[in-house]
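Dear colleague,

Here is the structure that I promised to hand over to you. Please look through it first, and then read the notes that follow.

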Number of protein chains: 2
Amino acid sequence: MKTRPSDASRDDLNQALRSFGIQPSAQRLAIAAFVLRNASHPSAEDVYNAVERALPMLSRATVYNTLNLFVERGLLRELWLAEGKVVFDPKLDRHHHFLDESTGAIHDIPWDALEVAKVEALDGFEVREFQVVLRGTRKPRPSGD
Amino acid sequence: MKTRPSDASRDDLNQALRSFGIQPSAQRLAIAAFVLRNASHPSAEDVYNAVERALPMLSRATVYNTLNLFVERGLLRELWLAEGKVVFDPKLDRHHHFLDESTGAIHDIPWDALEVAKVEALDGFEVREFQVVLRGTRKPRPSGD
DNA sequence: GTTCGTGCAAACGGTTTGCAACAAT
DNA sequence: ATTGTTGCAAACCGTTTGCACGAAC
């Protein structure tokens with residue numbers, strides 16, 4: 001059977017999961033498909049709502065278990081930035097985060113957009129990773145929307 | 001009656017609360033006493049456990065209500081750094097945070113210990129505040145403990 | 001007497017867990 | 001047959017809320 005584009009991306013996902021030591025399944029593929037191509041920062045509930053449309057039998061427990069598995073295996077990162085609710089981040093490369101305090105939206109800030117110095121000079125702390133967390137509001141752009 | 005040192009600090013707390021628009025009460029004073037002089041980062045449960053020893057009748061609801069009131073009035077800040085649990089920070093001046101991943105401890109990093117540049121240059125973002133969140137482990141110091 | 005703070009217990013919302021059914025190897 | 005995944009429902013845990021009591025102005 002010929003491989004259609006959707007099959008191809010499905011195979012890619014399959015590979016991606018396997019390369020992280022995650023045995024694929026219908027549910028895991030569907031969750032990965034949503035989370036990985038959705039560069040926003042979905043909560044578990046967001047994931048459930050989105051994936052449940054394609055997989056009506058999906059249970060919340062599976063979503064939680066799967067997301068936790070993905071985090072454990074390094075496919076995702078979890079962020080506890082505010083609101084007492086975890087969100088998941090598919091971007092594995094370093095970046096910072098901006099929280100819009102009026103909308104609650106989370107925006108990625110490219111790593112190179114900021115410069116953080118003297119981290120290595122911190123005495124007594126072995127820093128494995130760091131990020132800048134900024135809070136404020138989105139500014140109306142001078143021109144355009 | 002002469003003012004003993006403990007009374008003096010109690011009066012200070014009284015003043016502190018009033019200056020933030022918070023009407024003092026026995027419970028609020030006790031909670032403020034613990035949280036303000038305890039520069040660590042207690043959770044609501046930590047506060048309850050500590051203050052409950054001095055005020056056995058204290059209820060958790062009061063602790064939560066009081067902490068939320070303090071945050072609302074600007075006496076405290078709340079941090080959601082990890083673990084799905086809020087912790088409270090009595091330090092109102094800017095500083096960064098280091099999370100020890102092996103102990104869960106939160107350490108303050110003085111503002112000037114790090115340098116963050118280009119924040120003002122972020123296009124489209126009105127930054128009200130920011131901080132660096134670092135993760136890793138405490139390093140055994142070269143000498144001493 | 002009205003306002004405000006407290007304690008209690010119940011409710012709440014997000015997350016986890018125990019377990020039985022089931023799919024894959 | 002064994003291993004691993006899913007769905008369901010109940011449990012869990014941190015937090016909030018409704019309400020009645022009691023203290024303070």
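A polar contact, as the term is used below, is a pair of N or O atoms within 3.5 Å; within protein, one of them must be able to donate a hydrogen and the other to accept it, and residues adjacent in sequence count only if both atoms are side-chain atoms. This is a predicted model, in which local features need pLDDT of at least 70 and side-chain atom pairs count only at pLDDT 80 or more, whereas totals for chains, interfaces and linings use all residues. Residues are numbered from 1 along each chain as its sequence is written, chains are lettered from A and ligands numbered from 1 in the order in which they are written, and side-chain values use heavy atoms, with hydrogens and water left out.

To begin with DNA strand D, a polar side-chain atom of Asn68(B) lies 2.9 Å from one of its phosphate oxygens, and a polar side-chain atom of Arg28(A) lies 2.7 Å from a phosphate oxygen of DNA strand D. The side chain of Gln27(A) has an N or O atom that is 2.9 Å from a sugar or linking oxygen of DNA strand D. The most is given by H4(B), with four residues. There are 15 residues around DNA strand D, and Ser25(A), Gln27(A), Arg28(A), Thr62(A) and Tyr64(B) come nearest; a residue is near a molecule or strand if one of its heavy atoms lies within 4 Å of it. Of the atoms of DNA strand D that come within 4 Å of the protein, sugar and phosphate account for 80%.

Turning to DNA strand C, the closest of the 15 residues that surround it are Tyr64(A), Ser25(B), Gln27(B), Arg28(B) and Thr62(B). A polar side-chain atom of Tyr64(A) lies 2.6 Å from a phosphate oxygen of DNA strand C, and a polar backbone atom of Ser59(B) is 3.2 Å from a phosphate oxygen of DNA strand C. H4(A) gives the most to the surface near DNA strand C, with four residues. That surface divides into seven nonpolar, seven polar and one charged residue, counting Ala, Val, Leu, Ile, Met, Phe, Trp, Tyr, Cys and Pro as nonpolar, Asp, Glu, Lys and Arg as charged, and the others, Gly among them, as polar.

There is also an open sheet of six strands, in the order E4(A)-E3(A)-E6(A)-E6(B)-E3(B)-E4(B), with mixed pairing; two strands pair if DSSP finds at least two bridges between them. Strand E4 (106-110) of chain A and strand E4 (106-110) of chain B stand at the edges, each with a single partner strand, so one side of each is left without a neighbour in the sheet. E3(A) and E4(A) run antiparallel and are joined by five bridges, and His96(A) has Ile109(A) in E4(A) as its bridge partner.

With best wishes

Note on methods:
Helices (H or I, at least four residues) and strands (E, at least two) are DSSP runs, numbered from the N terminus.
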